[in-house]
Amino acid sequence: MTLRMTPPSSQTYTQILKSTMLMGGSSLVNVALSIVRNKAMAVLLGPEGVGLMGLYGSILDIAQAIAGLGVGSSGVRQIAEAAGTDDAETIARSATVLRRISIVLGLLGALLLAALAFPVSNFTFGDYQHAGGIALLSLAIFFRLVSAGQTALIQGLRGIADLARINVLAGIIGTAVSIPLIYLFGLQAIAPSLVVIAAASILPTWWYSRRICPHPSPMPARQFGREVSALLRLGFVFMASGLLTFGAAYAIRLIVLKEGGVMAAGLYQAAWGLGGLYAGFILQAMGTDFYPRLTAAAENNTECNRLVNEQAEISMLLAGPGLLGTLTLAPLMMSLFYSAEFHGAVDLLRWICLGMMLRIISWPMGFIVVAKRTQAIFFWTEVAAAVVHVGLAWLFVSLLGTQGAGMAFFGLYVWHSILIYVIVRKLTGFRWSAANRRHALLFLPASGLVFLMFSILPLWTATVIGFVAVALCGLYSLRMLIDLLPPESVPATIRGWITKSA
């Protein structure tokens with residue numbers, strides 16, 4: 001049976017845009033900080049140093065996924081459900097359990113990574129020279145997991161403004177300390193700088209989460225055990241998902257490293273960082289605000305489908321022009337964010353941009369699987385995604401070099417977008433709205449056309465075509481966004497200008 005969609009409201013679109021802009025504003029500050037930080041790393045360390053930082057970062061991500069047991073993500077759901085009851089005692093109890101288990105897991109994760117530093121170094125680099133740096137990363141694991149628990153409290157209560165402030169403060173502190181460390185100590189400071197960046201989030205998350213039940217809620221040991229058990233049952237699925245995602249990222253970096261050396265790993269890291277830079281703030285806002293809202297409506301398929309279509313529409317309209325711009329200006333962005341040494345990553349970046357366009361479209365659908373608590377489906381789709389991604393990377397990198405890693409990412413999302421649509425169609429009767437089909441039929445062909453032009457035409461000719469595509473798609477997105485908002489929220493001069501331009 002096909003479910004009818006509830007008509008979208010301008011208030012919902014305003015809410016989505018507000019949360020996106022709040023997180024996006026903090027992300028823009030972090031983009032500026034990234035320009036400074038990446039430029040410093042590129043100049044001081046070169047591609048080899050950037051590649052080493054990417055490998056260390058992958059090790060950190062995997063260790064965090066294992067040690068965290070998915071508690072950060074399951075904690076968001078538990079807090080959001082507790083908040084839905086408007087019961088202060090339930091919220092306090094969930095907050096206390098989340099705080100305590102995050103500290104325990106942080107300590108255990110730190111000890112585990114420190115104990116495995118030598119075998120991890122040998123597996124990744126083929127020697128033990130990096131064992132000391134990996135052992136030092138154990139501190140970063142502790143800081144990350146404690147911070148993740150505090151962030152989950154804020155996110156579960158949808159404190160979007162607080163999360164935006166946390167992002168800015170953590171970015172400022174991390175940048176201010178890590179660059180001097182790299183300048184003074186070079187490659188030896190990569191691991192300490194990652195520890196500093198992780199530690200930078202502890203104070204802001206504590207400051208803003210302290211207002212949520214500042215005094216621990218007393219509870220018997222048996223009740224505490226039940227609360228922890230509920231967190232871990234749901235968290236296990238999130239842990240498996242994170243482990244598969246970060247494990248695939250780690251495996252692809254290893255494939256690139258073995259095929260092209262540390263220099264190639266640095267180029268891949270640079271392209272990956274830039275490819276996700278613009279889309280990142282939209283995806284972050286999606287997980288921060290959209291996930292708790294969708295969780296609250298998970299039992300109502302009609303409402304669930306409406307929320308997904310609305311989120312996807314805003315995400316496409318915001319991300320489409322930006323990703324087209326990144327694709328067009330890839331050489332300039334490489335020089336701006338890194339240096340001329342990284343120009344070998346331009347084609348790789350363009351492939352990643354194509355994949356990101358599909359990622360923006362498919363991600364809102366994926367949240368249906370999570371919100372519905374269909375753990376088995378969620379787990380096996382993540383397994384399949386990891387296998388496809390790594391398999392394509394192994395094939396393409398061996399045949400085409402580092403550029404093949406970007407092609408693998410694009411191939412992953414071609415496959416994953418089709419799969420996830422089939423799954424959610426069966427779960428909720430989901431269908432794309434007419435507006436979303438129209439947006440997708442503009443942005444996807446436009447991205448493919450611009451990409452093709454850079455493959456067959458001279459640089460300047462292709463760049464001009466890219467600028468035209470960015471301008472036209474930008475005007476289209478602006479007009480659509482204005483039409484979605486209440487008239488009183490848009491200045492008359494802007495509305496009139498857009499109407500005349502059209």
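Me: Where in α11 does a kink of about 30° lie?

Reply: The bend at a residue is the angle between axes fitted to the seven residues ending there and the seven starting there. In α11 the kink lies at A319, shortly before the proline P321. Bear in mind that this is a predicted model, where local features need pLDDT of at least 70, side-chain atom pairs count only at pLDDT 80 or more, and totals for chains, interfaces and linings use all residues. Residues are numbered from 1 along each chain as its sequence is written, and side-chain values use heavy atoms, leaving out hydrogens and water.

Me: How many of the residues of α11 are buried?

Reply: Buried means under 20% relative accessible area, with a 1.4 Å probe and protein chains only. In α11, 26 of its 28 residues are buried.

Me: How do the axes of α11 and α13 cross?

Reply: Two packed helices are described by the angle between their axes and the distance between the axes. Axes are lines fitted to C-alpha atoms over the stretch in contact, with angles from 0 to 180 degrees between N-to-C directions. Those of α11 and α13 (residues 346-371) come within 8 Å and cross at roughly 170°. That makes α11 roughly antiparallel to α13 (over 145 degrees).

Technical notes
Helix = DSSP H or I, 4+ residues; strand = E, 2+ residues; numbered from the N terminus. Buried < 20%, exposed > 50% of the residue type's maximum accessible area, 1.4 Å probe, protein only. Parallel < 35°, antiparallel > 145°, perpendicular 65-115°, else oblique.
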